[in-house]
Amino acid sequence: MASLITCPHCGTRPKEEFTIRGDASPVRPQLGAAFAAWDAYVHLRDNVRGPMKEHWQHSGGCRRWLVVERDTFSHAVHAVTDAAEFARGQAGGPGPAAKPARPARAAKAATAAKGRGQA
Ligand SMILES: [Zn+2]
C-alpha cells in the first residue's frame, strides 16, 4: 500500500517525495529563557503512539515545510497544513481555519493609517 500525502501546494503525492523532520509541537522558548526550557526544546520528545503533528518538507516538490497530522500507529494521514499557516495559528494569529480575506486586511491597513493621521 502506497502512502500518499496531499501537499496544499502540489496535490496528492507519494510519501517518498517528502522528508520528515519530526514533532511539530515544541514551541521555541523566548530569548533569555532558563537552560531547562532550552534543554527540553532541543532534546526532549514524546514517543507518541497515535495521532501526532509532524514537520515534513516536500523536498521532491515545492520544497515547502508542512505540518502533517498522522497516526504513528496506523500511518493514516488526517490533515496537511502549510507550516507557515500552522505557526501563525499557534502564535494566536489567524490559523488555517480562520484565514482572513484580502478585503479585511485592506480595511485593517486603512484603520491603521487613520490612527497615524493619514486618510
Ligand atoms: Zn508541495
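## Strand β3 and its partner

In this predicted model, Ile20 has Trp56 in β4 as its bridge partner. Strands here are DSSP runs of E of at least two residues, helices are runs of H or I of at least four residues, and both are numbered from the N terminus. The pairing of β3 with β4 (residues 51-57) is antiparallel and spans 4 bridges; two strands count as paired if DSSP finds at least two bridges between them. Residues are numbered from 1 along each chain as its sequence is written. Because the model is predicted, local features need pLDDT of at least 70 and side-chain atom pairs count only at pLDDT 80 or more, while totals for chains, interfaces and linings use all residues.

## The four-stranded sheet

β3 and β4 belong to an open sheet of 4 strands, ordered β3-β4-β5-β6 with antiparallel pairing. Its edge strands, each pairing on one side only, are β3 (19-23) and β6 (77-82). On average, neighbouring strands of the sheet are turned by 30 degrees against each other, direction ignored. Axes are lines fitted to C-alpha atoms, for helices over the stretch in contact, and angles run from 0 to 180 degrees between N-to-C directions. Strands of a sheet pair through backbone hydrogen bonds, either parallel or antiparallel.

The antiparallel strands β5 and β6 are joined by 5 bridges, and Leu66 has Asp82 in β6 as its bridge partner. β5 and β6 form a hairpin with 5 residues between them.

## Helix α2 on the sheet

Helix α2 (residues 83-90) packs on the sheet and touches β4, β5 (65-71) and β6. Contact between two residues is defined by C-beta atoms, placed from the backbone, that lie within 7 Å. The direction of α2 makes about 85 degrees with that of β6.

Phe86 is located in helix α2. Phe86 counts as buried because 21 other C-beta atoms lie within 10 Å; the cut-offs are 20 or more such atoms for buried, 12 or fewer for exposed, and partly exposed in between, with C-beta atoms placed from the backbone. From C-alpha to C-alpha, Phe86 and Val67 are 7.1 Å apart in space and 19 residues apart in sequence.

## Nonpolar core

The largest nonpolar core has 8 residues: Ile5, Phe18, Ala24, Trp56, Leu66, Val67, Val68 and Phe86. Such a core is a set of buried Ala, Val, Leu, Ile, Met, Phe, Trp, Tyr and Cys residues joined through C-beta atoms within 7 Å. Strand β5 gives the largest share of this core, 3 residues.

Leu66 lies in β5 and is buried, since it has 26 C-beta neighbours inside 10 Å. Apart from neighbours within four places in sequence, Leu66 is in contact with Cys7, Trp56, His58, Val80, Thr81, Asp82 and Ala83. The C-alpha atoms of Leu66 and Thr81 are separated by 5.6 Å, with the two residues 15 apart along the chain. For Ile5, not counting residues up to four places away in sequence, the residues touched are Arg13, Lys15, Phe18, Trp56, Val68, Val77 and Val80.

Strands β1 (residues 4-7) and β2 (residues 11-14) run antiparallel and are joined by 4 bridges. The bridge partner of Leu4 in β2 is Pro14.

## Positive phi in two loops

Arg63 lies in the loop between β4 and β5. Its phi is positive, about 70 degrees, although Arg63 is not a glycine. Arg63 is exposed because it has 10 other C-beta atoms within 10 Å.

His75 lies in the loop between β5 and β6. His75 is not a glycine either, yet has a positive phi of about 65 degrees. With 10 C-beta neighbours inside 10 Å, His75 is therefore exposed.

## Whole chain and confidence

The chain has 3 helices and 6 strands, in the sequence pattern β-β-β-α-β-β-β-α-α. Of its 119 residues, 8% are buried. Among contacts between residues at least 6 apart in sequence, 44% join residues at least 24 apart.

The average pLDDT of the chain is 83, and 76% of the residues score at least 70; pLDDT is the predictor's confidence in each residue, from 0 to 100. Over residues 97-107 pLDDT stays under 50, and the model has 3 contacts beyond four places in sequence for this stretch. Where pLDDT is low, the predicted coordinates should not be read in detail.
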